[in-house]
Amino acid sequence: MARLITPLLSFLLLTLASASTVQFEIVQNRDVRTAQLQRRSLVLQRRSLGRRAGTVTAELANAEVQGLYAANITIGTPPQSFGVQIDTGSSDLWVPSDAACAVATQLQNGCPNGQFVSSASSTFQDVGQGDFNISYVDGTGSTGDYFQDTMRIGGATLTNFEMGLATATTIGTGIMGIGYNSSEANVSTGNGTEYANLPLAMVNQGVINSAAYSLWLNDLQATSGNVLFGGIDTAKYNGELTSINVYSTSRSRRVTSFTVAWTSLSATSSSGTDVLTASDFAEPAILDSGTTITLLPDEVCSKLFSELGASINNQLGAVIVPCDLAKNTGTINYAFGGPGGPTIKVQMSQLVLPLTTTTGQVPTYQNGQTVCQLGIQPAGQLPTLFGDTFLRSAYVVYDLENNQIALAQTNFNAKNSNIVSFASKGAAIPSATRASNELAVTQTASGNPRVGGATAAATDAAATSGPTASGLNAASGFKTNAARSLQPFAWSKVVVLAVSVAFMGVGGLLL
């Protein structure tokens, strides 16, 4: 039997079950994340830088010894078990076949989280032979068939549910894409048709009322989080839940990703607050749980790194900081939709990630302080992506029916639950307030923003807006006493155990 992602937690399929929500836990898979981080580090090196009515809950177990968020599902009759990575940046649920997993030359570590044996399922139907083809910019990907079978998740059962079956793959763990079905692999590389992916299939089969779900990743060190289909959990966030629009691409004029208007970045420490973006700043940003790190525009990163004392190590291919920065009480503050929109504060403890070597060594500065990695990197030519180093600090509601996102400050390690389901198909996000005077953006073909909608208001005069490196009020509050030089090290043996990928669908991003 293949090893599942869930050995650390026996309650991953614990479900709060009732008529129209589905909730389930997810676990991090660090083995996958390590390999993906190595690919991302090469980029920098090359650049030289519980169920209620109408809901289903899947628990997300955040095992620190693993990495990307994933969930347990079963497929087929009798059920075959899988751990699959949760990805809001793609739209197909696919799993590797037993034949693909047998090709050792393609998969260094095999398929540790399950492989599908189609001949062992009495309910298996091949509905698109050769139609499944999903690829990523680093050359990894999967090809195979589309099939239908019985799928179970978080106490819910879907019959004749369509999925991808990878008969050839360079990725050993299946992906559960829960984005817009307009981004399904079949649209670009198959026969061009769309099908009912997981959120839509849940609605069509009466499991949830509306194609929407909430994501609570919880604290970096926590043991669990969850994704809740068809509802929200008001106990999992603090303050107001504020909704903003999701925007289309300029090329297709269709909504294909969770692109929102990011309108401000600031840094706050014990010594002050600096606003690192201009007062009229508006940038399209994609919220993507399949990306562990956050990718920001290069010029914004330059200012932010000056604030935090971070530096790009080109040999390592990582943005490095002293590990002691994780103890700092300062925050990085992301605002959305303009002055009337939500602001999410990210603590340093959620941004500082460990580094280690293949032999278990930890790099140090010359003064003996240990070296860590910052969970933010320059985007370069890639779009702005807010991955798990941002999403852990936010409670996020994804409303695919109304093309809206709702954000609130997460309530880390919340013990209680108060689930409210969407009342009907297309109903407004429960308990959410619409952002006032909202700014708008368009995701252009090049990834550059075009600002529309309301005019951005000036920022607080007490803060430093768009400061130079020498005029940062907050920088001294982030300062640590680490030397800037690293101890001599066998960098070729370094493996960075922190960052992973964005699975963005066909032609998407693997960072």
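## Strands, disulfides and cores

User: Which strand pairs with β13 in the antiparallel sense, and over how many bridges?
Analyst: One caution to begin with: this is a predicted model. Strand β13 covers residues 237-245. Its antiparallel partner covers residues 404-410. In that pairing, Asn238 has Gln409 as its bridge partner. The strand is β28, and the pairing runs over 6 bridges.

User: Which strand pairs with β13 in the parallel sense?
Analyst: Look for residues 432-434, which pair with β13 over 3 bridges. The parallel partner is β30.

User: How many helices and how many strands does the chain have?
Analyst: The chain is 511 residues long, and 60% of them count as buried. Its accessible surface comes to about 17,800 Å², with 48% belonging to carbon and sulfur atoms. The count is 7 helices and 34 strands.

User: In what order do the strands of the open sheet with β18 and β22 lie?
Analyst: Strands β18 (311-313) and β22 (352-354) each pair on one side only. Neighbouring strands here are turned by 55 degrees against each other on average, direction ignored. The pairing is antiparallel, and the order is β18-β19-β24-β22.

User: Which residue of β24 is the bridge partner of Leu353?
Analyst: Strand β22 is joined to β24 (residues 371-374) by 3 bridges. The two strands run antiparallel. Across from Leu353, the partner in β24 is Gln373.

User: Which cysteine does a disulfide join to Cys323?
Analyst: A disulfide is a covalent bond between the sulfur atoms of two cysteines. Here the S to S distance is 2.0 Å. Cys323 lies in the loop between β19 (318-322) and β20 (331-336) and its partner in strand β24, so the bond ties together parts that are 49 residues apart in sequence. The partner is Cys372.

User: Is the disulfide of Cys323 and Cys372 left-handed or right-handed?
Analyst: Check the torsion about the S-S bond. For Cys323 and Cys372 the torsion is about 100 degrees. The disulfide is therefore right-handed.

User: Are Cys323 and Cys372 buried or exposed?
Analyst: Buried means under 20% relative accessible area. Cys323 has 16%, so Cys323 passes as buried. Cys372 has 9%, so Cys372 is also buried.

User: What parts of the chain does the disulfide of Cys101 and Cys111 tie together?
Analyst: The sulfur atoms of Cys101 and Cys111 are 2.0 Å apart. Cys101 is buried, and so is Cys111. The two cysteines are 10 residues apart in sequence.

User: Why is the disulfide of Cys101 and Cys111 left-handed?
Analyst: The handedness follows from the torsion about the S-S bond. For this pair, the disulfide is left-handed because that torsion is about -95 degrees.

User: What is the pairing of the bonded cysteines, numbered in sequence order?
Analyst: The structure holds 2 disulfides. One is Cys101 with Cys111. The other is Cys323 with Cys372. In sequence order the pairing is 1-2, 3-4.

User: Which residues of strand β5 lie on each face, and are they buried or exposed?
Analyst: In a regular strand the side chains alternate between the two faces of the sheet. In β5 (residues 93-96), Leu93 and Val95 take one side. Trp94 and Pro96 take the other, and all four residues are buried.

User: Which residues stand opposite Trp94 in β9 and in β8?
Analyst: Strand β5 is joined to β9 (residues 174-177) by 2 bridges, and these strands run antiparallel. With β8 (residues 156-169) there are 3 bridges, and the strands run parallel. Opposite Trp94 stand Ile175 in β9 and Gly164 in β8.

User: Which residues touch the most other members of the largest nonpolar core?
Analyst: This core has 85 residues. Take Leu287 as an example: its contacts include Phe258, Phe386, Tyr398 and Leu407. Apart from this core lies another, of 12 residues, with Ile232 and Tyr395 among them. In the largest core, the residues that touch the most other members are Phe229, Leu287 and Tyr334.

Note on methods. Residues are numbered from 1 along each chain as its sequence is written. This is a predicted model: local features need pLDDT of at least 70, side-chain atom pairs count only at pLDDT 80 or more; totals for chains, interfaces and linings use all residues. Side-chain values use heavy atoms; hydrogens and water are left out. Two strands pair if DSSP finds at least two bridges between them. Axes are lines fitted to C-alpha atoms, for helices over the stretch in contact, and angles run from 0 to 180 degrees between N-to-C directions. A disulfide is a pair of cysteine sulfur atoms within 2.5 Å. Buried means under 20% relative accessible area, exposed over 50%, partly exposed in between (1.4 Å probe, protein chains only). Accessible areas come from the Shrake-Rupley method with a 1.4 Å probe; for residues, only the protein chains shown count as cover. A nonpolar core is a set of buried Ala, Val, Leu, Ile, Met, Phe, Trp, Tyr and Cys residues joined through side-chain atoms within 4.5 Å. Contact means heavy atoms within 4.5 Å. Lists of a residue's contacts leave out its neighbours within four places in sequence.
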